[in-house]
2 protein chains.
Amino acid sequence: MKNSFPLPSRASCANALRMLAVDAVQQANSGHPGMPMGMADIAEALWRHQLRHDPADPNWLDRDRFVLSNGHGSMLLYALLHLSGYDLPIAELKRFRQLHSRTPGHPEVGVTPGVETTTGPLGQGIANAVGMALAEKLLAEEFNRPGHAVIAHRTYAFLGDGCLMEGISHEACSLAGTWKLNKLVAFYDDNGISIDGDVKGWFGDDTPGRFEAYGWTVLREVDGHDFAELDRAIAAAHASDKPVLVCCRTTIGKGSPNRAGTAKVHGEALGAAEIELTRAALGWTAAPFEVPTDVQLAWSARERGAALSGAWRERFAAYAQAYPELAAELLRRCDRNAPLSAATQAALARACEAAEARAAAVATRKASQDVLQEVAPATPELLGGSADLTGSNLTDWKGHRPLKGTATGNHVHYGVREFGMAAIMNGVALHGGYRPFGGTFLAFSDYARNGVRMAALMQLPVVHVYTHDSIGLGEDGPTHQPVEHASSLRLIPGLDVWRPADATETAVAWREALRRPDGPSALLLSRQALPHAGDGRPRLDDIARGAYVLRRPEGERVALLASGSEVGVALAAAALLAAAGIPARVVSMPCMDVFERQHADWRDSVIPRHLPRLAVEAGSTGLWWKYVGESGDVIGIDRFGESAPAGELFKLFGITAEAVAERAHALLS
Amino acid sequence: MKNSFPLPSRASCANALRMLAVDAVQQANSGHPGMPMGMADIAEALWRHQLRHDPADPNWLDRDRFVLSNGHGSMLLYALLHLSGYDLPIAELKRFRQLHSRTPGHPEVGVTPGVETTTGPLGQGIANAVGMALAEKLLAEEFNRPGHAVIAHRTYAFLGDGCLMEGISHEACSLAGTWKLNKLVAFYDDNGISIDGDVKGWFGDDTPGRFEAYGWTVLREVDGHDFAELDRAIAAAHASDKPVLVCCRTTIGKGSPNRAGTAKVHGEALGAAEIELTRAALGWTAAPFEVPTDVQLAWSARERGAALSGAWRERFAAYAQAYPELAAELLRRCDRNAPLSAATQAALARACEAAEARAAAVATRKASQDVLQEVAPATPELLGGSADLTGSNLTDWKGHRPLKGTATGNHVHYGVREFGMAAIMNGVALHGGYRPFGGTFLAFSDYARNGVRMAALMQLPVVHVYTHDSIGLGEDGPTHQPVEHASSLRLIPGLDVWRPADATETAVAWREALRRPDGPSALLLSRQALPHAGDGRPRLDDIARGAYVLRRPEGERVALLASGSEVGVALAAAALLAAAGIPARVVSMPCMDVFERQHADWRDSVIPRHLPRLAVEAGSTGLWWKYVGESGDVIGIDRFGESAPAGELFKLFGITAEAVAERAHALLS
């Protein structure tokens, strides 16, 4: 069968990508034809001739990774996946951008087989790719053995002017250069056009010079429409000992006689008339959504993919015979749904129990480090890190191996790059093999916010360690004091935000974050010491339910709800109230998100609708009204902080036991 | 008096800065001595010999601007201001980092005379400086006349490794190069140390190469402790026709025998013993917080400053005589507290009235452009822009002048740089002369979030035009659909978030945003057309109160609360309910923030506590419970969106008149 057709030209193969993109965007009357038409030739050179993948096994562990950082060109990727033989039939391309299709507006991992990461927010894809290349390097270092290179793949990315203008491209690509990630190859779609028009008016960078300054190999002025040049460039890229930027001069919308090279072709359908002209110009005679059989056959990667993955499976079998434990561990590590190892589970249990038994007053950032000290040595998949605040975030532990420069390790020095860190962690998690966590000050979660959101959207099990919570940060002042951040992170769907009250809650938060296979967690940790909140009754599983009753006195007349550092304040206020003859329930709510997922019975048992309720949290009040009701009250901070020692600030903002007790009295009167 | 002392050495002058920083950090037992000690010599070269400023008139219109982008070195700036003769007595330096001092942990504009911008969140200071230099260039172009250079000042910035690692430095400095802002001079404190230690492990950039790629003049390998070299570098910088990066090799903590050159000196007090050693090493014999009189006199800039500003006032007087209208307009434009011009006020009134009279169904992004079309030609201080989404955000207007490359204009093409745009707008607003606004998609407010926060903290009157609100965005899918963003922006203290329901509310939102002298506003605008919400009764002033009753039928039994695109849904639901014999109040709440500032009487008159209440908003539900109470209900979206046509999505998420009416029925049963 396959030999019954003459081999089509490479141009025909590329034109199939162009026309599928044109047809799908036209059918949806929505989408971006310009990039797929401009990058089709590069895609042909990479996907048909270089990419090592197996459409029948999209999760093949040692496949090359491909990231479409300019995700608005999604139809290019869908066309590639369809033609290569992934489970993405033409019917799905016809439903481009329609509800519950496998071809959403931007590529979404988990929705479409073969899509490695969700892209669209510009610049993050290339940062994900850096994370994937980092994970590959670390995993190869950890698992390969002489004669057994079971991890040996490359990471490719497509990116455009938009990605390169975004600041995150600076953060991620600087690190890729410092790390010498030589198996990362990025193709820059240098078409000179962004949405507002000719980029010269707002993008005057010498991009090759910039990337050389990062320590990349730059292949300049490659003709992105010349297959032979592209082949040579890719061969050169593979030979580099640094990450590679292939600068491809292209024409956006290439093939469209009237729109090629214009901003108009970027983001709207060509329209029937221009499509006809485009078909004529390309010599494309097949009907819309149809691809000539010879082109289809030429594109299919199923046979080549089966051979590649089959050969790898043979290599892996030999490896498994020589190193059975390593092989099993590698498979466990790369299985997102595998439970934590028994050693990790036991370490987490020890950490929780030790914190509860110790009953010490400790900063929760220190309590977090205590957990890591117990858990990290038992958990080789942990890949910690900090955005240049290691000694403040306390993300390291005794015996950690710092990842600096080209060294491998298990604690990454990301430098002052919060957004880059978040998106690189996403890339690591997407790649598999590691469970990344990273630290910065909570206030600077702002810098990384869309990366955190993307982790939630992609359901990635990354952990953000955000220390120096609230005005408790003290002297650094309002720029560094998070006020709205706890609540604003809670609003991100699917992100579990933990604000633990003491060391025990911190340990449980870590336990729950690591147990969670399908979503990110943020741990909001104090700079200052917090008192132990427990009273000896078992509470580990209660904590894990997001909110629980910490004190339930006889004849309770009021309830105090709090999280984090204010739980101690609420307990002290309850003592004052008790002395005044007013028994007060105290509810600790370390994680609103988890609490909201509990059964109504649990929620009703924790939040006493029959009692007057007062919430206290050193931050935005808005989200607490749901739990205290209109007849309740909230003590919080709806303004910016001040620079002063923390103790003075808590007094200034009225977050003291006395102030809480007084407000509770007022609620009752 | 001033001649009775011999001139002290420049080293002594620099050491005064070092020791004031050391003493203040020691007294506070908090702060960062390393940077002030390392940059003291550079500061001496710039401030004592070049900076054109007048300590007696910190708001002198044509002063040079100085930005401490590495804001943790705040004590350097406080020492400079104190010694130069600003109203910052030594008593304030002794209260460094104490409550309500004029010397907070990081520099805060408005708190300390002479501080031009609030810094600390790294990278934003240099972006502010780019904005200031842009404003200077535009203002000079607009107001200077031959022989009358009344605007002719420079912008200087100090920055460190941290600023240069942050992505925003890429965004802002790329634009500065494209714009050829030759009056911007940045001094890079190249000390090789960041908090985690020697930066080589995580910051391998060839920074000079990188900045040359941006089109900057780079002065390489300047010895940051050699005054003659520094003088030559500054002279060379002043001669450049591009922005200039002066790369200064320095020793962090210079002067401290045991800590210089280490990360330890970055962020903690030296301690008594090391201070003694430092004093000995520097030959400094004055008591703590004391500065020898000769050094004090050598530092004072009051005489030089009075001469500089006096000469300028003479030049300005001549200008005012030659161009009285221009001079008056320049003064008005640079007075933050000046009211809007009569022409602008009238244009805003026309825009509001026209929208109300037209009563058209229109996308609020288009309604926003209609306002601009009316207001911008009458308001020369408006400086619009977009992060490469001009045609989508509709931030331009007929007759606007695009600012591209080195052209001047009144609509800035920022490129795909949301964070850079926000921080540059802050710099423009801080500089004065312009009222900046800029657009991007609401979802990508995430990228700029800390810049928006900084505008709020600094009380800057910038306007963020965030279009493509909610799932109404449609096919682009969950990466581009804001769900949590409206609420999460509302949580930023001092930011007014408007989500208008129709063209009239959009016009009023613009009116209120422009009338606001002391804080930022965000306008959340729809991609899709929204029906007119008014019923003919006057409501312009009601809208301006943040929430108001849109329909108040006789015998009302339930209240529907909504914002933005859901107001139309609520009105349609009310019609369904009316048909079923249930009169329903409809409340439109375009701005929760403004509503919260209203008197309780207004709030109580709008939110009927006696009625069952149902809120509907196509986004996070959390903040609405405050207004509906526990017995009420909220229809919203607490998950990510989907890629599909908008109409289908509103059905999928249950945001339809039918669904709202049904839920209202349920509330009543």
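Colleague: What makes A:E556 and A:R585 a salt bridge?

Modeller: In this predicted model, the closest N and O atoms of A:E556 and A:R585 are 2.6 Å apart, and a salt bridge is defined as a side-chain nitrogen of Lys or Arg within 4 Å of a carboxyl oxygen of Asp or Glu, so the pair qualifies. A:E556 lies in the loop between β17 (548-551) and β18 (558-562) of chain A, and A:R585 in strand β19 (residues 584-588), 29 residues apart, where strands are DSSP runs of E with at least two residues and helices are runs of H or I with at least four, numbered from the N terminus. Residues are numbered from 1 along each chain as its sequence is written, local features need pLDDT of at least 70, and side-chain atom pairs count only at pLDDT 80 or more. Side-chain values use heavy atoms, with hydrogens and water left out, and chains are lettered from A in the order in which they are written.

Colleague: Why are α22(B) and α27(B) called oblique to each other?

Modeller: Helix α22 (residues 565-579) and helix α27 (residues 657-668) of chain B pack at an angle of about 55°, and angles under 35 degrees count as roughly parallel, over 145 as roughly antiparallel, 65 to 115 as roughly perpendicular and the rest as oblique; the two helices are therefore oblique.

Methods. Axes are lines fitted to C-alpha atoms, for helices over the stretch in contact, and angles run from 0 to 180 degrees between N-to-C directions.
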